[in-house]
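Keep the sequence and the view open as you read.

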Amino acid sequence: MLSLDSVIEQKIAPNYQKKMLFITSLMWMFDAAGVLVLSFTLPNISKEWNLSVSTSANVISSTFVGMLIGALSVGIVSDMFGRKLSNILYFLFTVIFTALLGFTKDVGTFIVLRLLAGIGYGGLMPSVNAYMAEFTGRGLRGAYLVLLEASWAIGSIIIGLISVLTVGVSWRISYYVFLIGILLLPMLFKLPESPRFVFKKSGKEKLEKVFSIKIEDNIEPIPESKVGVIDILKGAYFKRTVMIWIQWFTVSFVYYTLFSWAPKIFAQQGLSATKSLWFTFFMMVAQLPGYLSAAYFIEKIGRKKSLVVYTLGMAITSIIWAFVSSTVQLVIVALLLSFFTLGVWGLVYAYTPELYPTAMRGTGNGMAGVIARIAGILAPQYGGFMLANNKSFLEIFGYLALLSVISSIVAGTMGVETKQRDIL
C-alpha cells in the first residue's frame with residue numbers, strides 16, 4: 001500500500017510541480033504587494049488627509065483586522081470546499097478591494113475597504129500554502145514552500161519600486177495597478193484541485209481521472225474527522241501548536257512593527273522623506289536572500305535548527321539597531337534584520353503544514369494565520385505608541401529582541417523535526 005506522498009512523488013511530474021509553484025507564487029506576490037503597499041503610501045495619505053499618528057496606526061491595524069477575519073474563515077472554506085475555490089475567492093478580495101482603495105476620498109472609506117482587502121490577504125496566504133504543500137512530496141515540500149514564500153519578497157520589491165517612483169505624482173497609482181490581477185483569473189479557474197483534497201473527498205479513481213494517471217497499488221486512506229481549534233490543542237498536537245503559534249506571533253509582530261513604521265523610524269533617525277522610502281525599499285530587497293537562504297538551510301540542517309538560528313539572528317540584529325550611530329551602520333543592520341525576519345517567515349510557512357495531518361492542515365494553517373494577524377493588529381499600535389511618545393530606540397527594539405530570544409528558545413526546546421517525513 002502506497003502513501004499519498006509516494007504517489008505524488010512518483011506520479012506528479014516535476015515540471016508540473018514547477019508550474020504550480022509559479023502560479024501560486026504569482027498569487028502570493030499580489031498578496032505581499034497588497035499588505036505592504038501601505039508602508040510606502042501611508043506618509044502621503046497621512047499628509048493629504050492630515051492624519052495623526054494614532055489614526056495612521058488605526059489605518060494600518062484595519063488591514064490586520066481584515067486579515068484576522070480571512071485567517072479565521074479560510075480553514076472552513078478550504079477544508080469544506082477545496083483549496084482551489086478558496087484560492088480564487090480570497091484572491092478576488094485581494095485584488096478588487098485593494099484597487100478600490102485608490103478611488104477613496106476619506107479615511108473612513110479607506111479603513112473599510114482596507115479591512116475588506118485584508119480578508120483577502122489573510123485568507124489567501126494559508127489557502128495557497130496548503131494548496132502548494134499538497135502538490136509536493138516530502139523531498140521537495142520544504143524547499144518549494146520557502147520558495148513560494150520567497151515570492152513575497154518579489155511582490156514587495158515590485159510594489160515598492162512602483163510606489164517610490166510614482167508616489168510623488170499620486171499615491172493612488174500604487175493601488176490602481178492591482179487591477180492587473182484580474183488577468184490571472186482564467187488561469188486560476190483552469191487549475192485542478194489539490195491531489196490530497198481530491199483523494200480525501202473522492203478517492204483513488206477520482207484522483208486518477210483528475211491527474212490522468214494510473215496508480216497500480218492501493219493508497220493509504222486519510223482518516224475522516226471534523227476538526228476544530230480545540231483538536232489542534234489536544235494530545236500530541238498541543239506542544240507543536242503552542243510552539244508554532246509563538247513563532248508566528250513573534251515574526252509577525254517584529255515584521256509589522258518594522259515595516260509599518262519603517263519610513264517614520266528612518267525619518268526619526270535623521271533621513272529625508274525620500275531617503276526613508278528608498279531605505280524601506282532596500283529592506284524589502286533584502287527579504288529575497290533571507291527567503292532563499294532559508295530554502296537552502298531548511299533542507300540542509302532541518303526545520304527546527306534553521307528556526308532557532310534565524311530567530312536568534314532576528315534578536316541580535318534588533319538589539320544592534322538601537323545602537324547604530326551612522327547611516328552606513330543603519331543600512332547594514334536594517335538589511336540584516338530584514339534578512340533574518342523574512343527567513344523566519346519562510347521557515348514557518350514551510351514548517352506549519354508539516355506539523356498537521358491532512359484533516360487538520362487547513363485549520364492548523366488558518367489558526368497560525370490568526371495568531372499572526374493578532375500580532376499584526378498589535379504591532380502598528382505598539383510602533384505608533386512608541387514613536388508618538390518619543391521612546392528610545394533601545395526600548396523600541398529591545399522588546400522586539402526579547403520576544404525573538406523567547407521564540408528561539410521555544411523553537412529549540414519544543415520544536416519537532418519534520419525534514420524528510422511524510423505528511424499524513
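This is a predicted model: local features need pLDDT of at least 70, side-chain atom pairs count only at pLDDT 80 or more; totals for chains, interfaces and linings use all residues.

Residues are numbered from 1 along each chain as its sequence is written, and side-chain values use heavy atoms, with hydrogens and water left out.

Q: What volume does the largest pocket have?
A: A pocket is an open set of points on a 1 Å grid over the protein atoms alone, with protein on both sides within 12 Å along at least five of seven lines. Grid points are joined across faces, edges and corners, and a volume is the space filled by probe spheres set on the points. For the largest pocket that comes to about 480 Å³.

Q: Which residues lie closest to the centre of the largest pocket?
A: Lining residues have an atom within 4 Å of a point. The largest pocket has 24 of them. The closest to its centre are Leu42, Pro43, Asn44, Pro263 and Ala273.

Q: Which helices each supply at least two residues of the lining of the largest pocket?
A: Helices are DSSP runs (H or I, at least four residues), numbered from the N terminus. Helix 2 covers residues 14-49. The suppliers are helix 2, helix 3 (53-81), helix 10 (236-268) and helix 11 (273-300).

Q: How many residues of the lining of the largest pocket are charged?
A: Ala, Val, Leu, Ile, Met, Phe, Trp, Tyr, Cys and Pro count as nonpolar, Asp, Glu, Lys and Arg as charged, and the others, Gly among them, as polar. The lining holds 12 nonpolar and 10 polar residues. The charged ones number two.

Q: Which helix gives the largest share of the lining of the largest cavity?
A: A cavity is a set of grid points where a 1.4 Å probe fits but cannot get out. The search finds two cavities of 30 Å³ or more, and the largest holds about 80 Å³ of space. Its lining includes Val35, Leu42, Phe64, Arg114 and Tyr256. Five lining residues, the largest share, come from helix 2.

Q: How many charged residues are in the lining of the second largest cavity?
A: This cavity has a volume of about 40 Å³. Its lining is Met125, Glu149, Trp152, Tyr255, Tyr256, Trp345 and Tyr349. By class there are six nonpolar and no polar residues. The charged count is one.

Q: Why is the pair of Trp49 and Trp171 classed as it is?
A: Aromatic rings of Phe, Tyr and Trp (its six-membered ring) pair if their centres lie within 6.5 Å; planes under 30 degrees apart count as stacked, over 60 as edge-to-face and the rest as tilted. The structure holds 33 such pairs. The rings of Trp49 and Trp171 have centres 5.7 Å apart and planes at 80 degrees, so the pair is edge-to-face.

Q: How many residues apart in sequence are the parts that Trp49 and Trp171 tie together?
A: Trp49 lies in helix 2. Trp171 lies in the loop between helix 6 (138-166) and helix 7 (173-176). The pair therefore ties together parts whose separation in sequence is 122 residues.

Q: Is Trp171 buried or exposed?
A: Buried means under 20% relative accessible area, exposed over 50%, partly exposed in between (1.4 Å probe, protein chains only). Trp171 has 3% relative accessibility. That makes Trp171 buried.

Q: Which residues is Ser46 in contact with, leaving aside its neighbours within four places in sequence?
A: Ser46 lies in helix 2 and is buried at 13% relative accessibility. Contact means heavy atoms within 4.5 Å. Ser46 touches Leu51 and Ser56.

Q: How far apart are the end C-alpha atoms of helix 14?
A: The expected span of a helix is 1.5 Å times one less than its number of residues. Helix 14 (residues 358-388) has 31 residues and should span 45 Å. The model agrees, with a separation of 46 Å.

Q: How many residues of helix 14 are buried?
A: Helix 14 is mostly covered. Of its 31 residues, the buried ones number 25.
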